[in-house]
Amino acid sequence: MAGATLQQRRRRVGVVALLPAMAIILAILAYPMAASLWLSLHHVALAGGLLQQDFVGFANYRELFASDTFRLAVANSAFFSVCEVVAVVGLGLGVALLLNHPIGRFGLFRVLLIVPWAIAPVANAVLWKWILNANYGILNAVLVQVGLIDEYVTWLGTPARALYMLLIVDIWKSIPFIALLLLAGLQKIPAMLYRAARLDGANAWQQFRFVTLPSLRTTLAIAIILQTLWSFKLFDLIYVLTRGGPADGTLLLNYLAYRETFNFLHIGNGAAVANVVFFASLVLAILYIRLLRPGGRKAAA
Amino acid sequence: MAKVELMGVTKRFGAHEVCANISLAIVDGEFVTLLGPPGCGKTTTLNMIAGLEDVTSGEIRMDGKIVNDLTPFERDVAMVFQNYALYPHMTVAENIGFTLRLRHMPRAEIAKRVEAIAEVLELTPSLGRLPFQLSGGQQQRVAIGRAMVREPKTFLFDEPFSNLDAALRVRMRSEIKLLHRRLGVTSIFVTHDQEEALSISDRVAVMNRGRVEQFGTPEEIYVRPVSRYVARFIGSPQIDLQEGEAVIAEHGSGFRVGGALFSLPRATAEILGHLGPLELGIRPEHVVLSERGVDAIVEIVQPVGPASFVALRWPGGLLTARAPGMSRLKAGEAVHFFVEPEQMMFFDKASGRRVLASPSRPEG
Amino acid sequence: MARRRRQQFANWAIGFSLALFTVWTLAPILWLVVSSLMEQQALTATPPDFSAGSFTLQNYAEVMTAAAALGHGLLNSLIVAVATTAVALAVGAPAAYALARLQLPGAGLILLLILATQMFPGIVVAIPLFIVMSRVGLIDSRLGLIVVYLSFNLPIVIWILRGFFLGIPTGLERAASVDGASIFQTFRLIVLPISWPPIFATAIFAFIESWNEFFFALILTRQNAQTVPLVISQFAGQYQTVFGQMMAAAAMAVAPVVFLAVIFRRSIMQGFSEGMIKG
């Protein structure tokens with residue numbers, strides 16, 4: 001290694017250290033991503049166990065945007081994501097504030113927050129399928145006992161109700177982690193700022209508005225973007241609870257992509273839907289990255 | 001023991017030039033300090049000498065050999081870092097012996113050397129402890145021990161005392177000086193504390209924004225600063241600088257500042273008169289409070305024990321004087337002061353370079 | 001006086017809200033455990049029968065013996081999760097160090113790529129991946145799952161560890177360099193030993209993610225390599241469901257991971273939230 005500058009030496013080692021990881025990531029993710037894009041430009045059919053590909057340009061996409069099912073899925077996804085993000089981040093902030101208060105400092109609450117996150121989404125789905133069971137589910141039993149409803153409800157029986165239940169279940173699972181994230185952000189706010197505000201005569205609400213919220217802006221933005229991205233990824237719940245029904249009422253884009261590809265074997269179409277989801281996610285991901293850069297943080301702070 | 005030479009060393013980070021054309025010739029066995037405020041490039045220079053940073057252009061030689069592309073280890077340098085940089089998961093003994101372990105020295109031999117060093121630095125009882133269990137001063141000594149065990153040709157110190165409290169800092173200075181005398185190894189020391197630099201170095205390189213303003217002995221730096229920057233940086237409290245003009249007359253030549261005249265030999269005043277706009281520099285310790293001289297009123301008296309710093313308001317502005325002991329002067333008192341011509345320093349207002357002072361000191 | 005009242009009311013309101021939140025979060029989980037211990041008859045009564053006689057351990061017994069699929073699934077999940085975690089760390093830690101310290105050109109771009117891979121649903125890569133996997137014969141194999149899981153656990157490992165490595169004071173590595181350590185030695189002898197907590201947290205995290213993963217398990221496995229999430233979903237798909245058994249299976253699937261998460265919650269939260277917020 002004689003004759004190499006310090007910089008060069010370090011670079012060489014760095015490349016070697018990075019190579020295996022990059023190889024794996026590129027091979028297993030980058031390549032399929034590109035292939036998926038390519039596939040979406042083809043009409044793919046399985047004939048005798050083989051894949052037949054005919055290049056059709058953007059025909060799949062045109063078909064897609066004209067299709068009612070796709071439009072329904074987009075509407076459902078938009079509605080779902082917006083509702084979920086607002087509820088999760090809003091309620092999550094509330095929980096975080098509660099936990100930041102002296103009364104909420106018990107370790108028990110932190111334990112509580114990590115459990116829903118750790119439960120496998122599938123297991124969560126199975127649990128809630130049981131809770132929401134039309135005949136024997138505990139939700140029905142409790143509500144009837146308490147007197148809020150007269151008879152048992154098929155919670156997943158109509159499109160609207162099913163979508164709302166889907167929302168509630170995923171909100172239940174998502175709040176804790178976002179709350180923990182926001183809590184971490186809250187705890188970074190120096191106590192000094194609150195003291196100064198109090199000296200200036202600010203009451204609790206004013207302190208929240210002028211100290212807490214501004215300091216939390218970046219973390220909030222990050223929470224919003226992350227939760228939105230996660231809402232795009234929702235799959236396990238739909239698969240177990242509704243399979244997209246009833247009447248495509250809980251059909252979200254991600255599940256639509258799966259259904260087209262693996263149930264109907266419209267591989268080209270499925271790839272097209274998947275890519276639509278991908279680009280939506282990409283835009284958000286770029287936003288997220290911008291926020292993390294020092295420049296972004298200064299702009300938000 | 002090594003002779004260290006920097007020739008035209010420049011360091012750029014992208015477009016930003018941190019060190020510009022630094023040339024220093026350090027003699028074998030010398031104790032040299034790089035002195036300057038934060039951001040002047042002294043630590044970067046040290047890192048380049050160590051081999052922890054690449055040189056953008058220029059050469060670094062040790063014992064005549066170009067070492068630009070050698071690792072720190074290959075350059076046979078050892079370094080004591082500002083925050084000690086002790087390995088937190090290793091005991092004191094392991095910290096000191098780490099470099100020997102890397103060289104695959106037999107364990108018994110390592111133990112022997114480590115114990116020898118520990119004894120010199122009075123660390124023997126701490127050998128089995130972890131860094132966080134030690135005091136700041138002890139950690140400092142472990143850092144020094146880690147450097148010493150290498151028996152290097154050059155010692156490098158990166159502001160090693162800045163994290164110590166004042167009393168300990170002063171003590172460590174004498175310890176370092178003793179150590180240097182004992183070992184006689186070429187040492188390069190970085191600090192922003194001018195008193196520290198003056199007290200322990202053979203020569204000091206005063207740095208300003210990536211350049212070496214002056215490289216000389218402590219006496220040269222203090223008595224014959226080459227520029228306004230050096231004069232201001234060295235000496236505490238800071239030297240007073242005032243604009244003024246030379247006055248040439250039959251009787252009463254001198255340098256006029258504000259309404260007051262500092263008398264000078266006529267020949268000196270004539271020389272000064274030929275130069276451009278000038279500034280007069282007076283060190284507080286050269287302001288003599290007496291019966292005669294310039295009128296002044298005492299503004300503030302700050303007694304610090306062995307001396308008192310008296311702020312005087314005089315027609316030319318505000319001046320600080322250093323009075324011996326705990327002064328009895330009170331604010332508002334009227335006093336007089338004068339300055340010996342030999343102690344006056346004149347600086348060209350535009351360039352900041354020091355110009356010829358008085359004929360009694362021909363070399364300025 | 002009024003201020004005191006307001007303060008008391010505020011405290012009461014906070015306490016009540018916390019209690020409400022606790023019930024809201026705890027109730028479903030509690031029901032999971034409770035119903036797993038109840039007999040089918042008790043559960044299918046309207047309303048459910050909570051008398052003493054309804055409780056039993058039979059569900060767990062049944063699930064463990066009769067439904068061999070669960071045991072098989074647990075084994076598969078264990079192997080896949082452990083292997084994925086081990087390789088992800090072995091490959092990811094050096095990569096993270098390289099990105100944090102070794103001033104690589106295009107490091108920014110690489111980081112972007114890593115972040116981007118976290119941001120989209122599996123369906124985007126599922127089809128081509130499925131095609132390639134079938135060609136290579138890795139369908140319904142644990143190895144296939146491990147490879148795929150690696151691809152999305154690696155980025156997380158790299159991201160979190162890189163964040164941590166950036167925080168280590170550079171003085172330590174410089175001292176090691178001066179002491180004569182190569183970059184590799186510095187990494188092995190200095191950086192790694194002081195990095196155990198985040199490495200551990202990352203390992204737990206990767207393990208949990210691998211254990212809970214469903215989508216790729218659904219697509220890429222058939223009989224042999226079924227993991228626990230898949231087995232659980234099949235339970236729920238049956239018509240004649242013994243609800244207690246379904247819950248017992250779910251409980252067993254979920255227990256190890258919840259246990260780990262609760263024990264290491266501090267490190268997980270620290271590593272994750274710092275990684276997500278700080279970047």
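Leaving aside neighbours within four places in sequence, Ala250(C) is in contact with Ala123(A), Val126(A), Leu127(A), Leu32(C) and Ile232(C); contact here means that the C-beta atoms of two residues, placed from the backbone, lie within 7 Å. This is a predicted model, so to speak of a local feature takes a pLDDT of at least 70, side-chain atom pairs count only at pLDDT 80 or more, and totals for chains, interfaces and linings use all residues. Residues are numbered from 1 along each chain as its sequence is written, while chains are lettered from A and ligands numbered from 1 in the order in which they are written.

Ala250(C) turns up again in the largest nonpolar core: of its 275 residues, Val126(A), Ile232(C) and Ala250(C) touch the most other members. Such a core is a set of buried Ala, Val, Leu, Ile, Met, Phe, Trp, Tyr and Cys residues joined through C-beta atoms within 7 Å, and buried means 20 or more other C-beta atoms within 10 Å of a residue's own (12 or fewer is exposed, in between is partly exposed). Helix H7 (residues 142–167) of chain C gives this core its largest share, 16 residues.

As for chain C itself, there are 14 helices and zero strands; helices (H or I, at least four residues) and strands (E, at least two) are DSSP runs, numbered from the N terminus. The radius of gyration of chain C, taken over C-alpha atoms, is 24 Å, well over the 19 Å that the globule rule (2.2 Å times the number of residues to the power 0.38) gives for 279 residues, so chain C is more spread out than a compact globule. Of those 279 residues, 49% count as buried.

Chain B brings in a sheet. Six strands make up an open, mixed sheet in the order E6-E7-E8-E3-E9-E10, where two strands pair if DSSP finds at least two bridges between them. Strands E6 (77–80) and E10 (211–216) of chain B stand at the edges with a single partner strand each, so one side of each has no neighbour in the sheet. Elsewhere in the sheet, E3 (residues 31–35) and E8 (residues 186–191) of chain B pair in the parallel sense over five bridges, with Phe189(B) as the bridge partner of Thr33(B).

Chains B and C also meet: 17 residues of chain B are in contact with 14 residues of chain C. On the chain B side, E6 and helix H2 (92–102) each supply at least two residues.
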